[in-house]
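Here is a briefing on one protein model. Look through the sequence and structure first, then read the notes by topic.

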Amino acid sequence: MENSKLTLDVNEKPTIAKWIVLSIQHVFAMFGATILVPILVNLAAGETVLTIPVALVTSGIGTLIYILCTKGKSPVYLGSSFAFITPIAAAFLKGGISGAMTGVMAVGLIYIVFAIIISIIGKSWIDKLLPPIIVGPMIMIIGLGLAPSAISQIGIAADSVVEWKGVIVALVTFLVTALVAIKGKGFIKIVPFLIGIISGYIVSVIFGMVDFKPVMEAAFFSMPDFVIPFVHYSINFSALLTIAPIAIVTMAEHIGDHTALGNIIGKDLLKEPGLNRTLLGDGIATFVAGLLGGPSNTTYGENTSVVGMTKIASVWVIGLAAIFAICLGFLGKFTALISTIPNAVLGGVSLLLYGFIAVNGLKVLIKNQIDFNKTKNVVVASTMLVLGLGGATITIATGDLSVTISGMSLAAIMGIALNLLIPNDSEETSEPKESEKSDKVEVNN
């Protein structure tokens with residue numbers, strides 16, 4: 001019980017040495033996933049959409065904003081969201097950098113609007129809007145939709161010329177990541193993707209696959225390439241519906257992460273500081289990220305795991321980790337080194353990462369005991385999966401304005417609509433009548 005009491009004091013300020021060590025652990029926990037998001041978005045788009053320095057800086061700034069909005073009562077770290085990799089890339093292809101960043105800022109505004117609504121009428125309506133039958137398939141679509149990207153990075157796609165060095169590097173990265181995830185102990189188990197990337201990178205260096213020229217040419221300190229509206233681009237709503245609907249689904253992730261953290265520290269964070277405040281912090285953080293040219297933010301389960309492992313839930317530790325992340329964004333040689341990671345390494349780690357995301361969606365369905373003997377559940381889930389993975393796109397054009405809804409966004413909208421509009425299975429269809437049971441027995445005999 002004494003260890004658990006430590007987790008209750010989110011405002012505990014550790015000694016300086018302990019403070020720094022714990023904060024560095026949180027930085028390592030968030031680092032692998034946060035830097036992967038801009039890398040993977042750029043690969044999906046075929047051009048530079050996001051940069052690692054900006055992602056790190058906006059992650060840190062976003063976390064500090066969250067701490068302020070929650071009055072220092074919730075030890076959550078915010079990092080780049082994997083849910084928006086494909087939507088941001090699609091929005092960029094549709095409306096350029098203006099379309100992508102306008103979409104990210106819109107996601108933040110949606111969070112803020114929902115936070116205001118929750119503060120007025122409560123949060124019970126969210127369960128009706130976002131039941132597990134919507135959230136589970138949506139998470140599966142996010143992971144499975146990215147699968148072709150991982151295969152392409154490894155170099156084993158149908159139209160690829162297989163290079164043995166790349167395949168070996170990807171295999172080493174994959175195996176190390178998997179082994180750490182399965183067999184790792186303590187803090188090591190929390191950062192399997194980071195360790196996998198480092199291992200694959202070392203093998204890549206041995207094989208001569210890494211060009212260190214960008215690192216040699218980079219300055220020690222450099223200003224991140226912030227992309228600011230009305231300075232670098234004009235607001236563009238053409239790709240808004242490509243990104244915005246995903247915000248509804250990631251709110252369920254937000255609630256789940258806060259519930260998990262609350263169980264660890266023995267507090268109901270959805271009541272104190274309250275879902276309205278946590279969602280407001282996430283929303284403002286994401287809006288600011290888009291304002292500076294960064295990806296959407298989300299609560300990080302990796303850092304929640306660090307809290308559970310260390311039994312220290314201090315927002316002072318989270319805040320210092322955020323400051324460290326901001327500082328990393330200004331280290332030119334460090335971010336240049338990250339940019340030299342070969343595609344094969346990314347492919348190896350992504351092979352497992354995307355699968356993890358998809359399986360988490362499946363776990364949502366299993367945990368909530370979704371009954372697929374009910375036709376309504378089959379209709380909703382199957383429609384979402386086919387629309388989300390089949391590349392479905394709807395474009396609505398009016399004069400000079402055209403709005404495109406595609407992939408995940410279309411799946412989310414259709415899933416929510418079908419679940420609300422289709423009536424539940426009748427008792428007659430879900431449970432056979434006694435006479436029907438008797439007939440069935442006689443036939444079988």
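The protein carries 25 positive and 26 negative side chains, where Lys and Arg count as positive, Asp and Glu count as negative, and His and the chain ends are not counted. The centres of the two sets lie 9 Å apart; each charge is placed at NZ of Lys, CZ of Arg, CG of Asp or CD of Glu.

This is a predicted model, in which local features need pLDDT of at least 70, side-chain atom pairs count only at pLDDT 80 or more, and totals for chains, interfaces and linings use all residues. Residues are numbered from 1 along each chain as its sequence is written, and side-chain values use heavy atoms, with hydrogens and water left out.

**Overall fold**

- The protein has 22 helices and 4 strands; these are DSSP runs numbered from the N terminus, with helices (H or I) of at least four residues and strands (E) of at least two.
- The radius of gyration is 23 Å, close to the 22 Å that the globule rule gives for 445 residues, so the protein is as compact as a globular protein of that length. The radius is taken over C-alpha atoms, and the rule is 2.2 Å times the number of residues to the power 0.38.
- Along the principal axes, the C-alpha atoms fill a box of roughly 80 × 60 × 55 Å.

**Packing and surface**

- Of the 445 residues, 52% are buried. Buried means under 20% relative accessible area, exposed means over 50%, and partly exposed lies in between (1.4 Å probe, protein chains only).
- Among contacts with a separation of 6 or more, 82% come from residues 24 or more positions apart; a contact means heavy atoms within 4.5 Å.
- The protein exposes about 20300 Å², and carbon and sulfur atoms supply 66% of that area. Accessible areas come from the Shrake-Rupley method with a 1.4 Å probe; for residues, only the protein chains shown count as cover.

**Aromatic pairs**

- A search of the whole structure finds 5 aromatic pairs. Rings of Phe, Tyr and Trp (its six-membered ring) pair if their centres lie within 6.5 Å; planes under 30 degrees apart count as stacked, over 60 as edge-to-face and the rest as tilted.
- One of the pairs is tryptophan 19 with tryptophan 316: the ring centres are 6.0 Å apart and the planes meet at 80°, so the pair is edge-to-face.
- This pair links distant parts of the chain, with tryptophan 19 in helix H2 (residues 16-45) and tryptophan 316 in helix H16 (residues 315-329), 297 residues apart.
- Tryptophan 19 is buried at 17% relative accessible area, whereas tryptophan 316 is partly exposed at 37%.
- Phenylalanine 193 and phenylalanine 356 have ring centres 5.8 Å apart and planes at 75°, so they too are edge-to-face.
- Phenylalanine 193 sits in helix H10 (residues 192-206) and phenylalanine 356 in helix H18 (residues 343-367), so the pair ties together parts 163 residues apart in sequence.
- Phenylalanine 193 is buried at 15% relative accessible area; phenylalanine 356 is partly exposed at 37%.

**Backbone details**

- The peptide bond from glutamate 272 to proline 273 is cis, with omega near 15°. Proline 273 lies in helix H14 (residues 270-292).
- Lysine 71 is not a glycine, yet has a positive phi of about 55°. Lysine 71 is in the loop between helix H3 (52-69) and strand S1 (78-80), and is exposed at 51% relative accessibility.
- Lysine 311 also has a positive phi, near 60°. The loop between helix H15 (301-310) and H16 holds lysine 311, which is partly exposed at 33% relative accessibility.
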